[in-house]
Amino acid sequence: MKFLREESFRLAYQPILDAQTGQPTMYEVLLRLPEPDDQDALSAAEIIPLAERLGLAHLIDRAVLQLIIQALQENPDLRLNMNVSSTTIGDAFWQDQLLEVLNSNKDVTGRLTMELNENATLANLKTARRFIERLRSAGISVAIDHFG
């Protein structure tokens, strides 16, 4: 995936608001690609499913995680949510990589929430539960995305 090699993607922050105050309490991180130069370029919404089918989603997750950690280190008041690809939830190798990165950056883990897709979580409850337990033991909050 050219955008990973060239690090041409960026992160966008979608605010998550406090229902009572209307103020942002955290931000969901969204992957954004540069504007396409041609009509055949894929959007971020198209790239993630394609990366999942090709078995490359973990590379995107890892690159996004590195940028999130950098942002959290640079902004001590920032709280971020990261979507985890549905195909990487059950990938033990990727889980180990993720936890290695997180354990090396304990100073930011309390301000990070991993969002797991509802369908991926329900598809394999045993694997998802084990992953959630590992995340929580590393100090990471977990949310179920699109629940309901």
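The model is predicted, so local features need pLDDT of at least 70 and side-chain atom pairs count only at pLDDT 80 or more, while totals for chains, interfaces and linings use all residues. Residues are numbered from 1 along each chain as its sequence is written, and side-chain values use heavy atoms, with hydrogens and water left out.

The chain holds 7 helices and 5 strands, taken as DSSP runs numbered from the N terminus (helices H or I, at least four residues; strands E, at least two). Read from the N terminus, the order is α-β-β-α-α-β-α-α-β-α-α-β. Contacts (heavy atoms within 4.5 Å) between residues at least 6 apart in sequence join residues at least 24 apart in 67% of cases.

Helix 4 takes part in two of the contacts described here. The axes of helix 4 (residues 92-103) and helix 7 (residues 125-137) come within 10 Å and cross at roughly 10°, where axes are lines fitted to C-alpha atoms over the stretch in contact and angles run from 0 to 180 degrees between N-to-C directions. The two helices are therefore roughly parallel (under 35 degrees; over 145 is roughly antiparallel, 65 to 115 roughly perpendicular and the rest oblique). Helix 4 brings residues including Trp94, Leu98 and Leu102 to meet Phe131, Arg134 and Leu135 of helix 7. The residues of this contact comprise 7 nonpolar, 1 polar and 2 charged (nonpolar: Ala, Val, Leu, Ile, Met, Phe, Trp, Tyr, Cys and Pro; charged: Asp, Glu, Lys and Arg; polar: the others, Gly among them).

Helix 3 (residues 57-74) packs with helix 4 at about 10°, their axes 11 Å apart, and this pair is therefore also roughly parallel. Among the residues that meet are Leu65 and Ile69 in helix 3 and Trp94, Leu98 and Leu102 in helix 4. Here the residues divide into 6 nonpolar, 3 polar and 2 charged.

The whole structure contains 2 aromatic pairs, meaning rings of Phe, Tyr and Trp (its six-membered ring) with centres within 6.5 Å. In one of them, tyrosine 13 and tyrosine 27 have ring centres 6.3 Å apart and planes at 55°, so the pair is tilted (under 30 degrees is stacked, over 60 edge-to-face, the rest tilted). Tyrosine 13 lies in strand 1 (residues 10-17) and tyrosine 27 in strand 2 (residues 24-32), 14 residues apart. Tyrosine 13 is partly exposed at 38% relative accessible area, and tyrosine 27 is partly exposed at 24%.

Conventions. Buried means under 20% relative accessible area, exposed over 50%, partly exposed in between (1.4 Å probe, protein chains only).
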